[in-house]
Amino acid sequence: MSTEDANPTSRLTSGEALTEEILKYLDRDLSPDEERALVSAIRARKEHQRLFLRLARLHAGIPGVLAAMDGEESSGATRKRWRFGDRARSERRRWPKLATLGLVLVGTAGAMAAVTMGLRWARSRSVSPPTISQGSPRAVGNTKGVNVPAIVPVDPAMAVQPPAATTQGPSAPAGTPAPPTVLALSLDFEAQDPKVMITQGHMTASPGERRGQSVVGTVDLWWPSQYTVRIERHDAPLISYLDTIVVSFDYWLEPGARKLSVITWNRDKQQNYGITFQDVVNGTWARAVIRLEDLRGYLDLRVPQEQGDRISQLLIIGGRTSGERMFIDNLRVEDVPAELLPPESSVHAPSP
Amino acid sequence: VTQPTDERLALLLKHRWELFGFIQALVRSPQDAEDVFQEMAVVIMRKVANEGIHDFRAWSKGVARLCVLEHLRRKRSEGVTLLPTDEMVALVTDVHMADSAAELDFATEYEALRTCMGKLPERTRTLLRRRFVQGRPYEEIAQTAGGSVGAVRRAVARARLALLACVERHLRRATAEGTS
């Protein structure tokens, strides 16, 4: 038996062997005995401890960095449009959401086209070109600081579903033959929908007198001061932007909560678009009806969303981590005929 | 419930990378690490008063440690294997508690990792993506890539070593620029 066999720790005195063993530990590939030998080797020297810390951080950072790069590479052309913005600031602020993009699989473009075509299906009207609205975006949360990767689970089995037509638009006047509203997404949170992923928030019993389940917001790595519900899909855009898309959902904010924000991540514009309401309803179910065209860019206000832009994430942020929780239910994303569009986004619609 | 101070939120944001690294070193699963981070953030934000928090960095590491221990205890009771040994838990906690690297280092390190990742060939990045983003086992990656499991393991290990070397070069350069 060699000396190394007799004392496995001695094998780990070289930096290379130690590095290899630390990587195996991080991969969960060490037996308990091997792990104990590694512990002894790391404890023995300060530089081993520094190496361990560095490798552990490197290991923790890899998924987020890769996910971020996927987002950047797939949008190289559109990022040139940032010439108006403060580049340094843009780099810093877009990181968190880039990091949450996760993997976007090959074939996204085709899937996006399918969704866009579907949304336009049953509609023969023309849509107005996007305009740059006045007003300033209200930043939500704090995205400054060190860039930490948010880790996103990936479900490659998700399939693109063609949208379904419905006549239950959010504001169809009674007695009027309404053109069909196209339902792009509908989530009642009673069961896990295989098409979408709730990457922030979890399903739970609804508060108040409502039966069934809703989704309660949880703490996001990037906006830890408030609760977040984040919905996304990786194989295809969650939504293809149209001026006529309306996102609506029931919300319950515990008494004391003062804000509710709806934020999207636009892959093609590489920035968040959002809107924040200060006049929220507390302690009972209420319904938010949000026109996507009311959302404003967080990095560059002058860059409007355009028809067909790929929106990969929808975030609803509200309550406070220190106190009031936020519940969301009956989320719908619909392409609404122009004549039935609500006059403005609101968080005061009655909840059914 | 007392309002959390803006100061505490700012501190949490400032230290999150370090805290996340600590959690991940013991949890070794991105999804679980994010869950634990979340529990930790709730505890930190809900702390009623600032009394007793003389050193946020050390205090938050302590909170992270307790959250990790609770997570591991839960996992053990669920019969999950492949958890770190008690010795490793103690070691990781000790070295993290004792680590006094400047906060700036973490931000620089992350930026360096990003730059270095960009220098890897796409094929290597794909391997890393399958392993660390999608969480695929080596066996499955080997099957997809058409190579042996050993070859895939070696390729992933080489890639991480290359990243480590590259990040260290960047950090040395950054330190040299900072002191000059």
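1. In this predicted model, the largest nonpolar core has 78 residues, and those with the most contacts inside it are A:I22, B:I23, B:M40, B:L128 and B:L163. A nonpolar core here is a set of buried Ala, Val, Leu, Ile, Met, Phe, Trp, Tyr and Cys residues joined through side-chain atoms within 4.5 Å, where buried means under 20% relative accessible area, exposed over 50% and partly exposed in between, with a 1.4 Å probe and protein chains only. Helix α1 of chain B, residues 6-27, gives the most to this core, with 11 residues; helices (H or I, at least four residues) and strands (E, at least two) are DSSP runs numbered from the N terminus.

2. Leaving aside residues up to four places away in sequence, B:L128 touches A:L66 as well as B:M117, B:L120, B:V133, B:V156, B:A159 and B:L163, a contact being heavy atoms within 4.5 Å. A second, separate core of 38 residues includes A:V215, A:V280, A:A288 and A:V333.

3. Strand β7 of chain A, residues 227-232, is mostly covered, with 6 of its 6 residues buried. From β7(A), A:Y227, A:V229 and A:I231 point one way and A:T228, A:R230 and A:E232 the other way, and all are buried.

4. Strands are taken to pair if DSSP finds at least two bridges between them. By that rule β7(A) is antiparallel to strand β3 of chain A (residues 197-200) over 3 bridges, with A:I231 as the bridge partner of A:I198. Strand β6 of chain A (residues 218-219) is joined to β7(A) by 2 bridges, also antiparallel, and A:T218 stands opposite A:T228. Strand β14 of chain A (residues 310-318) runs antiparallel to β7(A) with 6 bridges, and there A:I316 is the bridge partner of A:V229.

5. Helix α3 of chain B, residues 56-77, has 22 residues and should span 32 Å at 1.5 Å a residue, which agrees with the 31 Å between its end C-alpha atoms; the expected span is 1.5 Å times one less than the number of residues. B:D55 caps the N-terminal end of α3(B), with a side-chain oxygen 3.1 Å from the backbone nitrogen of B:R57, and just after the helix B:G79 takes a positive phi of about 85°.

6. On conventions, residues are numbered from 1 along each chain as its sequence is written, and chains are lettered from A and ligands numbered from 1 in the order in which they are written. Local features need pLDDT of at least 70 and side-chain atom pairs count only at pLDDT 80 or more, while totals for chains, interfaces and linings use all residues, and side-chain values use heavy atoms, with hydrogens and water left out.

Terms used
Polar contact = N/O pair within 3.5 Å; in protein donor to acceptor, adjacent residues only side chain to side chain.
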